[in-house]
Amino acid sequence: MKRIIMLMFVSVCALLVYTSCSHKEEEKEEETKYQVTSPLRKDTTITNDYVSQIHSIQHIEIRALEKGYLQKIFVDEGQLVRKGQLMFQILPIQYQAELLKAQAEANFVEVEYKNTKLLADSNIVSKNELALAKAKLDKAKAEVSVAQIHLGFTEVRAPFDGIMDHFQVRLGSLVNEGDLLTTLSDNSKMWVYFNVPEAEYLNYKTHAQEENLQHVNLLMANQKVFNYPGVVQTVEADFNNETGNIAFRATFPNPNGLLRHGETGNIQMTLPMKNALIIPQKATFEVLEKKYVYIVDKDNKIRSREITIAAELPHIFVVRSGLTKDDKILLEGLRQVKENEKIDYTFVKPESVISNLSLYAE
């Protein structure tokens with residue numbers, strides 16, 4: 001009896017093992033059915049980011065024009081000043097005295113000139129003496145003008161509307177001619193400089209007019225896009241031989257004064273790509289910072305192949321080299337296959353694959 005029970009137990013175990021193995025084999029067969037697609041040829045646009053430096057449309061140094069003690073400061077750091085507004089006053093006593101002296105000298109010479117003219121009109125003195133007196137008067141008047149200019153230089157006024165920067169001197173400081181007082185920035189418009197590689201420059205110049213590519217966006221340091229688009233207005237004359245780049249300059253309106261001189265950001269410029277070769281990002285894998293795909297050859301075997309990426313878009317890559325539109329690439333299950341492994345697959349049209357991705361390109 002025990003022997004019969006033992007035989008029945010062994011039979012049940014064998015049946016369970018057989019059923020389990022059969023189930024696993026069915027699962028394995030289902031798992032080895034992979035999806036394969038091909039690269040898609042399509043006209044698209046790419047948005048490239050370029051590190052940029054933000055400059056005020058006017059940013060100048062305010063320097064002392066005369067030597068003296070800083071008597072008054074009429075503005076504050078960070079203040080908005082208007083054109084012609086008085087900002088600094090250098091002690092004017094010396095220059096006031098020089099002006100008074102020059103005016104007195106001019107008055108004395110003018111009296112001499114008038115007396116000489118009366119004598120000349122009566123033919124008592126020669127015309128040459130009258131001309132000499134007139135020259136002395138003109139010289140004296142010129143010295144008065146120079147003294148007035150020097151006195152005017154003691155008042156430092158804003159040359160344009162702008163924002164004051166940090167003061168380099170304090171009240172009562174002795175300043176020499178040419179000493180830096182502060183800087184002034186006109187932030188009504190901003191110039192944003194960024195460098196573009198040669199190939200992208202050529203694409204831009206080829207399509208700039210027909211594609212209206214002059215408009216660009218500015219991604220600020222807080223990863224927010226600036227509310228107002230800019231316009232590319234200037235491209236420098238020469239390429240930098242060390243970097244292979246050329247400098248662009250875009251002008252941005254700044255009505256709210258958000259942008260300031262010296263900020264950084266990223267210019268986002270859209271460029272067209274004609275007949276681009278695109279693949280889903282999920283069809284790639286990375287080894288030592290290089291991108292690869294799995295190619296399915298004519299014998300249905302898996303082969304890894306390195307590719308070069310020209311641009312990255314949401315969910316897709318634009319391929320520069322390594323693939324043709326007729327290649328078949330593994331779409332899913334990249335971690336489940338091995339090199340030279342033979343697989344069964346279902347081919348999915350590339351148009352269908354791309355259309356099911358969150359693609360914003362045309």
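A: A residue is called buried when its relative accessible area is under 20%, exposed when it is over 50%, and partly exposed in between, with a 1.4 Å probe and protein chains only. Phe-153 has a relative accessible area of 31%, and therefore counts as partly exposed. The model is predicted, so that local features need pLDDT of at least 70 and side-chain atom pairs pLDDT 80 or more, while totals for chains, interfaces and linings use all residues. Residues are numbered from 1 along each chain as its sequence is written, and side-chain values use heavy atoms, leaving out hydrogens and water.

Phe-153 is located in the loop between helix 3 (127-152) and strand 6 (155-157). Helices (H or I, at least four residues) and strands (E, at least two) are DSSP runs, numbered from the N terminus. Together with Leu-65 and Ile-149, Phe-153 makes up a nonpolar patch on the surface, whose accessible area totals about 250 Å². Such areas come from the Shrake-Rupley method with a 1.4 Å probe, and for residues only the protein chains shown count as cover. Patch members have over 30% relative accessible area and no salt bridge; nonpolar side chains (Val, Leu, Ile, Met, Phe, Trp, Tyr) are joined within 5 Å and like charges within 9 Å.

The charged pairs come next. A salt bridge requires a side-chain nitrogen of Lys or Arg within 4 Å of a carboxyl oxygen of Asp or Glu, and the count by this rule is 12. One of them joins Glu-61 to Arg-63, with the closest N and O atoms 2.8 Å apart. Glu-61, at 47% relative accessible area, is partly exposed, and Arg-63, at 36%, is partly exposed.

A further salt bridge brings together Lys-117 and Asp-121 at 3.5 Å, N to O. Both residues belong to helix 2 (residues 93-121) and are four residues apart, about one turn of the helix. Lys-117 is partly exposed at 35% relative accessibility, whereas Asp-121 is exposed at 53%.

Arg-305 and Asp-327 form a salt bridge at 2.9 Å, N to O. This pair links distant parts of the chain, 22 residues apart: Arg-305 is in strand 16 (residues 302-313), and Asp-327 is in the loop between strand 17 (316-321) and strand 18 (329-330). Arg-305 is partly exposed at 32%, but Asp-327 is buried at 13%.

Rings of Phe, Tyr and Trp (its six-membered ring) pair if their centres lie within 6.5 Å; planes under 30 degrees apart count as stacked, over 60 as edge-to-face and the rest as tilted. Across the whole structure there are nine aromatic pairs. In one of them, the ring centres of Tyr-201 and Phe-239 are 5.3 Å apart and the planes stand at 85 degrees, so this pair is edge-to-face. Tyr-201 lies in helix 4 (residues 198-207) and Phe-239 in the loop between strand 11 (230-235) and strand 12 (245-253), and the pair links distant parts of the chain, 38 residues apart. Tyr-201 is buried at 18% relative accessibility, while Phe-239 is partly exposed at 27%.

Phe-226 and Phe-252 have ring centres 6.3 Å apart and planes at 65 degrees, so they too are edge-to-face. Phe-226 is in the loop between strand 10 (215-220) and strand 11, and Phe-252 is in strand 12, so the pair ties together parts 26 residues apart in sequence. Both Phe-226 and Phe-252 are buried. One aromatic cluster is formed by Tyr-50, Phe-194, Tyr-201, Phe-239 and Phe-248.

A nonpolar core is a set of buried Ala, Val, Leu, Ile, Met, Phe, Trp, Tyr and Cys residues joined through side-chain atoms within 4.5 Å. The largest core has 32 residues, and those with the most contacts inside it include Phe-194, Phe-248 and Phe-252. Elements that each supply at least two residues of this core include strand 2 (40-63), strand 9 (180-197), helix 4, strand 10 and strand 12. Strand 13 gives the most, with six residues. In soluble globular proteins, nonpolar side chains tend to be buried together.
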